[in-house]
Amino acid sequence: MDKDNNGKITREKRLQVLKEIFQLTDKDQDGIITADELKTVLLLFNKKPTDSDVYLILKKYDHDNSGAIDFNEFVNIMNEKISEENEILEFINIFQGFDREGNGMLSRKTMFDVFAITNVDVDKQLVNDMFDF
């Protein structure tokens with residue numbers, strides 16, 4: 001784990017993790033994530049956003065008014081919503097623990113396992129949609 005002299009995750013490592021999360025969530029790899037994909041990411045961090053919450057987040061952070069979130073907008077969201085370092089560390093540990101093949105990817109079944117173990121109630125169709133592209 002890349003940490004600074006104070007034992008905190010370095011900015012570079014945090015950005016790397018956020019990029020991996022973004023890429024995992026960007027199901028069609030077009031460089032943007034939709035409202036549904038954003039909701040799924042927030043669920044990964046045990047946030048429980050309503051559709052209204054997601055709409056307000058999009059309204060606040062979608063600076064180009066595209067109706068979707070690009071990586072820079074995503075980083076701004078995550079820096080506000082996931083500010084606790086232990087949440088990032090927990091995600092890294094969960095991800096690495098479930099990356100059974102060690103290839104930086106999670107299978108559909110593994111994603112359902114992650115949600116089940118972390119007690120996150122997620123719309124199964126949202127997860128299936130992440131893999132059906």
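Trainee: What covers the buried residues of α3?
Mentor: The cover includes α2, β2 (69–70) and α4. Buried means under 20% relative accessible area, exposed over 50% (1.4 Å probe, protein chains only). This is a predicted model: local features need pLDDT of at least 70, side-chain atom pairs 80 or more, while totals for chains, interfaces and linings use all residues. Numbering starts from 1 along each chain as its sequence is written, and side-chain values use heavy atoms, without hydrogens or water.

Trainee: Which residues of α3 are buried?
Mentor: Val-54, Ile-57, Leu-58 and Tyr-61. Seen down the axis of α3, they fall within an arc of 100 degrees (directions from axis to C-beta atoms), so they line one face of the helix.

Trainee: Switching topic. How many residues are in the largest nonpolar core?
Mentor: It has 17, and Leu-38, Ile-69 and Phe-74 have the most contacts inside it. Core members are buried Ala, Val, Leu, Ile, Met, Phe, Trp, Tyr and Cys joined through side-chain atoms within 4.5 Å.

Trainee: Which helices each supply at least two of its residues?
Mentor: α1 (11–25), α2 (35–44), α3 (51–61) and α4 (71–81). Apart from that core lies another, of six residues, including Leu-24, Leu-43, Met-111 and Val-127.

Trainee: Back to Ile-69. What does it touch?
Mentor: Leaving out residues up to four places away in sequence, Ile-69 touches Phe-22, Leu-38, Leu-58, Tyr-61, Phe-74 and Ile-77, among others. A contact is heavy atoms within 4.5 Å.

Trainee: How do the elements run from the N terminus?
Mentor: α-β-α-α-β-α-α-α-α. That's seven helices and two strands, as DSSP runs (H or I, at least four residues; E, at least two). Of the chain's 133 residues, 41% are buried.
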